[in-house]
Every structure is written in C-alpha cells, then in structure tokens.
Amino acid sequence: MSLINENFLRLHKSYLFSDIARKVKDFKEKNPDIRVVSLGIGDVTRPLPASAITAMHKAVDEMCRAETFRGYGPEQGYDFLRKAIVKTDFIERGVTIDIDEVFVSDGAKSDCGNIGDLFNADCKVGFTDPVYPVYVDSNIMGGRFAISHFPVTSENDFVPSLPSEKTDLIYLCYPNNPTGTVLTGEQLKKWVEYALEHKSVILFDAAYEAYIRQPDIPHSIYEIDGAKKVAIELRSFSKTAGFTGVRCGYTVVPKELVITADNGTKIGLNQLWNRRQCTKFNGVSYITQRAAEAIYTPQGQAEIRETTDYYMNNANYMKQELTNMGYNVYGGKNAPYLWLKVPQGETSWSFFDRMLHELAIVTTPGAGFGPNGEGYVRITSFGKKEDCIEAINRIKNWKNI
Ligand code: PLP
C-alpha cells in the first residue's frame with residue numbers, strides 16, 4: 001500500500017494567489033463590463049530586454065545546425081553565464097565568488113523550495129512574518145514544523161529581531177517581499193553574526209536586488225564579512241529582466257559553508273547541492289542561458305536599468321499619491337512593493353474585497369503572508385504606468401478614509 005507524504009495535510013488548503021485568482025475570476029464573471037486593474041500578483045508587464053531577445057534568436061539558429069546544436073547542458077549551468085554572473089553581480093561589488101559556487105536554475109522559486117532537501121527534518125526554521133509563503137510551505141512539505149517567526153511591522157520599523165531561541169535555518173528576503181523594505185549592512189551583519197555563533201544557515205533571497213536605489217544598502221549577503229561561512233544566496237532574473245515566463249535564476253552555495261554530519265565528518269553544502277542538482281535537475285535551456293548572459297552586456301545592463309526604473313517610477317508615484325491621500329505606506333524606495341496600512345479596524349481581506357468590489361482594483365491581502373501581515377495590503381508596481389494612474393484616480397474618488 002502506498003502512503004502519502006502526510007506533511008501535505010498540514011498545509012493551508014490552497015496557495016494564497018490561487019485564492020485571489022478565484023475571487024478576481026468570480027468578480028470578472030459577474031461584472032464583465034468593468035475593467036479590473038491588477039496591482040496584485042507580482043508578475044511583470046514590460047517585455048524582455050532587446051539584448052536578451054537578440055541572443056535568444058541567435059541561440060535558436062545555433063540549435064538548427066548539427067554542428068552547433070546543444071542537447072543536455074551542464075546541470076550547474078554553462079560557464080559563459082556563470083562567469084558573467086560572477087563578474088557583474090559579485091566581483092564588481094567587491095565580492096569574490098568562484099564560478100563553481102554558482103548554480104544556474106529555472107528560477108528562485110524552485111531553488112528556495114528545493115534547498116530544503118539538504119537539511120534534516122529536525123532543523124528549527126525561522127522566517128520573518130509576513131513572509132513569501134513558499135519558504136513556509138516547502139519546509140512543511142519537508143517535515144520541518146518547528147518554526148519561529150520574526151515579526152516585521154511598522155512598530156519595529158520592519159527590522160526583525162534576532163531569534164530568542166536557537167534557530168537552525170533562517171530565511172531572509174531583502175529587498176523584502178511583501179513589505180518592500182530593506183536591511184542596512186549593519187542590520188544584516190547582526191544576522192550573519194548570529195548564524196556564525198549558532199552554526200545556523202541563512203537562506204538569503206535577493207530576488208529584488210536590482211531595485212535597490214540607495215548606494216549603502218547591500219545587494220548581496222556576501223558583502224558582509226563571514227557570510228560565506230553561513231549563507232546561501234538565491235537570485236532570479238524574473239523581476240530583474242522580465243524572465244517570469246522565460247524562467248532563469250541562480251543560487252550561490254559557497255564552498256566555505258560547511259556543516260558537521262552526525263558522524264563528525266565536515267560536509268560542504270556546495271558538494272551536497274551539486275549532488276542534489278545532478279540527481280534531480282537537468283539544467284536550464286541553452287537558449288535561456290544565452291538570454292540571461294546577454295543582460296550582463298553593457299547594453300543589457302542599460303536595458304534592465306531602464307525597466308526597473310520604469311517600475312520604480314510607478315512605485316514612487318503611487319507611494320506619493322497614497323501618502324498625500326492620508327494612507328500610511330511603507331516600502332517602495334528600494335523595492336517594487338508598497339505595503340499599505342489598511343484603515344483602523346478593518347482586516348486586510350475585507351479591505352482587499354472592498355477594493356475589488358468597489359474599485360475593481362486587485363491588491364494582495366497582507367494576512368495571506370502571515371499573521372503579522374494582518375492590517376496591511378501589498379501593492380505591486382509591476383503594472384503599466386497607465387494602470388497605476390488609473391488605480392490612483394479610482395482610489396482618489398473613493399470615499400474611504
Ligand atoms: N523569491 C521571492 C521573494 C519572490 O517574490 C519570487 C517571485 O515572486 C520568487 C522568489 C520567485 O522567483 P522566480 O520567478 O525566479 O521563481
């Protein structure tokens with residue numbers, strides 16, 4: 001008799017964004033003439049950078065000829081892309097990373113879900129609250145239920161306190177989804193010191209690194225001394241270069257990150273992750289990796305800056321307008337998300353529902369990201385500029401505050 005993984009029964013019945021999609025679908029069916037403006041799910045709207053498209057066309061042509069055809073590639077990614085990543089994302093920021101510490105993947109969601117394969121089910125896991133739900137659900141699927149939460153709210157300026165009890169695996173996402181806030185180097189340093197002292201591992205999700213605008217905010221956890229001994233970093237081309245549909249990201253697992261096994265042997269997580277990827281993953285397509293490589297050219301870098309600036313202009317505009325209307329709005333300075341406090345006494349789901357039904361605007365209710373997300377909604381700036389203007393005009397005429 002086969003047995004199921006009972007851990008799945010501990011999960012919420014459905015994924016947050018599926019619940020929202022269902023409500024929006026229902027609203028659209030009942031109101032076919034009303035145009036819904038989505039500031040909800042974090043998908044992008046700008047096309048791929050021209051340099052990536054040109055590189056993909058060229059790669060497709062190579063696939064057409066027997067001499068240049070590519071089949072299975074290296075599970076870790078092609079060296080041409082790993083070299084470009086190391087040079088631009090790390091060496092140019094003063095961080096030394098070896099190319100065999102970089103593992104190219106089909107995106108950060110897969111990697112942050114899969115990385116749990118490396119850790120024992122007895123590890124105690126810590127998350128900020130609110131949090132990107134994938135971290136929590138994937139740990140529950142893996143049988144890790146000992147969870148501590150680090151609240152991030154306006155009361156603590158969205159700066160999480162260090163764990164009060166020993167935590168083995170710590171997920172940090174900065175710039176943060178959903179709050180749109182960042183940590184300074186000093187604040188991040190405290191987490192690295194905690195991990196060094198307690199032999200914890202930090203899973204640092206830097207999917208929104210390209211949105212940092214203040215020069216003193218770290219883009220990589222490896223900018224902090226000692227971090228290579230304790231941290232794995234996840235990156236994504238999705239929000240940086242519009243790859244949400246193309247699918248590409250990478251994970252850095254430093255060779256200095258070593259854990260002692262039960263029998264006393266020292267095991268490098270780089271070696272374990274390599275073993276895991278070679279077993280369960282067959283690499284990212286050649287065409288996709290050529291596209292990713294192209295965004296590291298001077299032209300590609302200029303193009304992605306233009307795109308991220310477009311979204312950040314949306315964020316700045318909406319934050320300014322909403323603040324002028326009297327809302328308390330956080331984030332949006334170094335991240336494409338605004339975190340808006342809902343009016344006193346209202347829940348985030350009821351505010352979400354009212355915005356949908358009274359204004360035909362989709363947001364994301366903060367409570368869906370964890371108990372401390374209650375009282376907030378997340379607004380994304382990944383929409384078209386015209387839609388952001390339209391949404392703001394609708395909110396301005398709303399008798400709400
Ligand atoms: N990490 C965070 C914090 C995200 O918000 C997202 C996507 O929304 C991802 C990872 C997933 O990125 P990818 O598209 O590379 O899977």
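User: Is lysine 199 buried or exposed?
Analyst: This is a predicted model, and in it lysine 199 lies in the loop between H6 and strand E6 (201–205). Its phi is near 55°, a positive value in a residue other than glycine. The cut-off for exposed is over 50% relative accessible area. Lysine 199 has a relative accessible area of 71%, so the residue is exposed.

User: Is phenylalanine 158 buried or exposed?
Analyst: Phenylalanine 158 sits in the loop between strand E4 (147–151) and E5. Phi of this residue is near 60°, which is positive although the residue is not glycine. Buried requires under 20% relative accessible area. Because its relative accessibility is 3%, phenylalanine 158 counts as buried.

User: Which residue is joined to tyrosine 174 by a cis peptide bond?
Analyst: Most peptide bonds are trans. The bond in question has omega of about -5° and is cis. The second residue of the pair lies in the loop between strand E5 (169–173) and helix H6 (185–198). That residue is proline 175.

User: Which residues are in contact with isoleucine 221, leaving aside its neighbours within four places in sequence?
Analyst: Isoleucine 221 is among the residues with the most contacts inside the largest nonpolar core. With neighbours within four places in sequence left aside, its contacts are Leu188, Val192, Ile202, Phe204, Ala227, Ala231 and Glu233.

User: How many residues of domain 2 are in contact with domain 1?
Analyst: The protein chain is divided into domain 1 (6–47 + 304–396) and domain 2 (50–298). Their centres, taken over C-alpha atoms, are 26 Å apart. On the domain 1 side, 33 residues take part in the contact; on the domain 2 side, the number is 40.

User: How much of the accessible area of the ligand does the protein cover?
Analyst: The ligand is surrounded by 14 residues, the closest being Asn177, Asp205, Tyr208, Ser236 and Ser238. Helix H4 (108–114) and helix H7 (238–241) each supply at least two residues of this shell. An oxygen atom of the ligand is 2.8 Å from a polar backbone atom of alanine 108, and an oxygen atom of the ligand is 2.7 Å from an N or O atom in the side chain of arginine 247. Of the 400 Å² that the ligand has on its own, the protein covers 91%.

User: What is the distance from an oxygen atom of the ligand to an N or O atom in the side chain of tyrosine 208?
Analyst: Tyr208 is one of the closest residues around the ligand. A polar contact needs N or O atoms within 3.5 Å. For the side chain of tyrosine 208, the distance to a ligand oxygen is 2.5 Å.

User: Is threonine 288 buried or exposed?
Analyst: Threonine 288 is found in helix H9 (residues 286–294). Leaving aside its neighbours within four places in sequence, threonine 288 is in contact with Phe243, Val246, Arg247 and Cys248. Its relative accessibility is 7%, so threonine 288 counts as buried.

Definitions and conventions
Residues are numbered from 1 along each chain as its sequence is written. This is a predicted model: local features need pLDDT of at least 70, side-chain atom pairs count only at pLDDT 80 or more; totals for chains, interfaces and linings use all residues. Side-chain values use heavy atoms; hydrogens and water are left out. A nonpolar core is a set of buried Ala, Val, Leu, Ile, Met, Phe, Trp, Tyr and Cys residues joined through side-chain atoms within 4.5 Å. Buried means under 20% relative accessible area, exposed over 50%, partly exposed in between (1.4 Å probe, protein chains only). Contact means heavy atoms within 4.5 Å. A residue is near a molecule or strand if one of its heavy atoms lies within 4 Å of it. A polar contact is a pair of N or O atoms within 3.5 Å; within protein, one must be able to donate a hydrogen and the other to accept it, and residues adjacent in sequence count only if both atoms are side-chain atoms. Accessible areas come from the Shrake-Rupley method with a 1.4 Å probe; for residues, only the protein chains shown count as cover. Helices (H or I, at least four residues) and strands (E, at least two) are DSSP runs, numbered from the N terminus. Domain bounds come from an automatic or database domain assignment.
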